Amino acid sequence: MNRIVNLFQNSDTDGSGLLNVYFTAGFPELNDTTRVLQALQDGGADLVEIGMPYSDPVADGETIQQSNDRALENGMSVRILFEQLQGMRGKITVPVLLMGYINPVLQYGIEAFCAKCAEVGVDGLILPDMPMDVYLDEYKSIFDAHGLLNIFLVTPQTSEARIRQIDEVSEGFIYTVSSASVTGSKSGVSGDMESYFEKLDAMKLRNPRLIGFGIKDHDTFAKASSHAAGAIIGSAFIRVLQQSTDLENDIKTFVKEVKNSSEAIPA
Amino acid sequence: MESIAEKKSYQVNDRGYYGTFGGAFIPEMLYPNVEELRENYLQIIADPSFQKEFNDLLRDYVGRPTPLYPAHRLSEKYKTNIFLKREDLCHTGAHKVNNTIGQILMAQRLGKKRIVAETGAGQHGVATATVCALMNLECIVYMGELDIERQAPNVARMKMLGAEVRPATCGSRTLKDATNEAMRHWINNPVDTHYIIGSVVGPHPYPDMVARFQSVISQEIRLQLNAHIGRETPDYVIACVGGGSNAAGAFYHFLDDEHVKLVAVEAAGLGLTSGHSAATVALGKPGVLHGSRTILMQTEDGQVTEPFSISAGLDYPGIGPQHAWLAASGRGTFLSATDDEAVQAAFELTRLEGIIPALESSHALAVLGRLGASENETVVLNLSGRGDKDMGTYMKYID
């Protein structure tokens, strides 16, 4: 069974929510990818989303853009990422998603890309600029053949009919974008958002939801998790990496703090 | 049973594609905005009240029709019959305003309160700021930090017109980054804002909508050419291409006249093999850029590369999807001209005809000698803009 599907079916949610953490491959340094991945798992992240850096990430705010630019300067590429992830399944048990924009994937070759994902043990993809109709007509059969899930996004502006359609073709989870924004540009969970989350709840979708955009700490994570299966942290974690002097420790501390309020951590 | 060979179409199909190019490769955050436009644009354009307002403004405000000028001395030099379509005489100095007039009327009918746009050299930014002043709409223009430094007069014009010019400080700090920022702004303000894209690029329906607004160029050419030579179709239509909006407008009503050769001229920068070029069709590969499947300049790993041209208006790593299809299908001929060839052509036109062309348009002029047009043939060249904005560059060549 796909690790993502398995996670959502079998995690005994005590209501605290599943934590998905995004980071950019090849950041802060080219060969930090697997270090960060391992530390996230060790810290208690439930899923990990590895960003494939791109020169023109239109859905991302400044923090993630800068991490993309830095990773590209470091020499990061799709080919190198697959080399880095080769053999990760010896140690990494959490579901791993690759997030990125479609052009680098197309240049690698969609078939070759999916085959490589399966080979290294990637479970799903998030490609925000891949249109649903193109996915269904051209790529779904290839994704399916390699056991890869495609994760779709919904936003506060997505119509109810389209949410239903996305729910129909989704597997794993639905990425719920909390507000009309690019990543990292707003923080917090407002009253408007809560009514949107409640609307989604009332729709009784077949897929679980993870809420992303604006999740930055334990409070926002807990609030989002009360409306969904869990939440996704991206920009706030990139800022941790930017400032870190001790990656392993800082990552583990951050993840623990997000999942359990700081008071709960024994001194 | 085999059907008879299907007539090839060069216009967008009902799924938003030109052959294999086009579509709407956009994140979900932009889907409702683009979908709203897609559902409404054809109906709005077809509405008689829209048509009247659009045509009235093109006539009374922009100054259309622009002349189709028989350039006698230029024709003599190249031993053929050259007509210049004088888009340089449009209000604001280039064809760009045809599109911004159309889109501001579109935005009003969609109930939008604010306009966002990207600009490279500042021509589209000025044309957008102009129509926003005219219609009293708030205007935000994103411009690469580097371009803001290079194009100070246009920045001043935009500010005087009341627009807010915001620098794009990420990436290469030029047109492609300004486009990214404008898209992000639209993501952050999805309900009350309309994004006026300046060229035939972006997700469907933008390439088709912009081409329709610019198609007035070829519509006029047909009538004017008929008055000059007694037939509506020339042997050649030449235009420069960055994203390709002036070329799309100049080609539009000739696409199905297969005997009319459509010649698009890209900016070769310092030369095709120099590593400093903006000749997308010559150097690019199919991929996805700014919402459509097209041809773009990119690394092997699919990262978008930074183009180079003396002309900021052609300094774009992609090309409109319709042009990608014209290139791939063979309907269009794609040539390129270097910085030096363009500047030389600008001086030549100035001295022969007393017209100072924009650097962009000069790229089209630069291939006149390479067409092989005979003395019985007719060439229409779209002179897309005037050279006032480029005087700083031209003066360097005078010394």
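**A residue in a loop**

Analyst: Phe213(A) sits in the loop between strand 8 (209–212) and helix 10 (218–225) of chain A. Helices (H or I, at least four residues) and strands (E, at least two) are DSSP runs, numbered from the N terminus. The model is predicted: local features need pLDDT of at least 70, side-chain atom pairs count only at pLDDT 80 or more, and totals for chains, interfaces and linings use all residues. Residues are numbered from 1 along each chain as its sequence is written, while chains are lettered from A and ligands numbered from 1 in the order in which they are written.

The phi of Phe213(A) is positive, about 80°, although Phe213(A) is not a glycine. Most residues other than glycine have a negative phi, and most peptide bonds are trans. Is Phe213(A) buried or exposed? Phe213(A) counts as buried because it has 29 C-beta neighbours inside 10 Å. A residue is buried if 20 or more other C-beta atoms lie within 10 Å of its own, exposed if 12 or fewer, and partly exposed in between, with C-beta atoms placed from the backbone.

Thr92(B) is not a glycine, and its phi is near 80°, a positive value. Thr92(B) belongs to the loop between strand 4 (81–86) and helix 4 (96–109) of chain B. Thr92(B) counts as buried, since it has 21 C-beta neighbours inside 10 Å.

Cis peptide bonds come next. One joins Arg64(B) and Pro65(B), with omega about 0°, and Pro65(B) lies in the loop between helix 2 (48–62) and strand 3 (68–70) of chain B. Another cis bond joins His204(B) and Pro205(B), with omega about 15°; Pro205(B) is in the loop between strand 8 (193–196) and helix 9 (206–214) of chain B.

Back in chain A, there is the sheet to consider. Its 9 strands form an open sheet with parallel pairing, in the order 5-4-3-2-1-9-8-7-6. Two strands pair if DSSP finds at least two bridges between them. Strand 5 (149–150) and strand 6 of chain A are at the edges with a single partner strand each, so one side of each has no neighbour in the sheet. Further in, strand 3 (residues 96–99) and strand 4 (residues 124–126) of chain A run parallel and are joined by 3 bridges. Leu98(A) has Leu125(A), in strand 4 of chain A, as its bridge partner.
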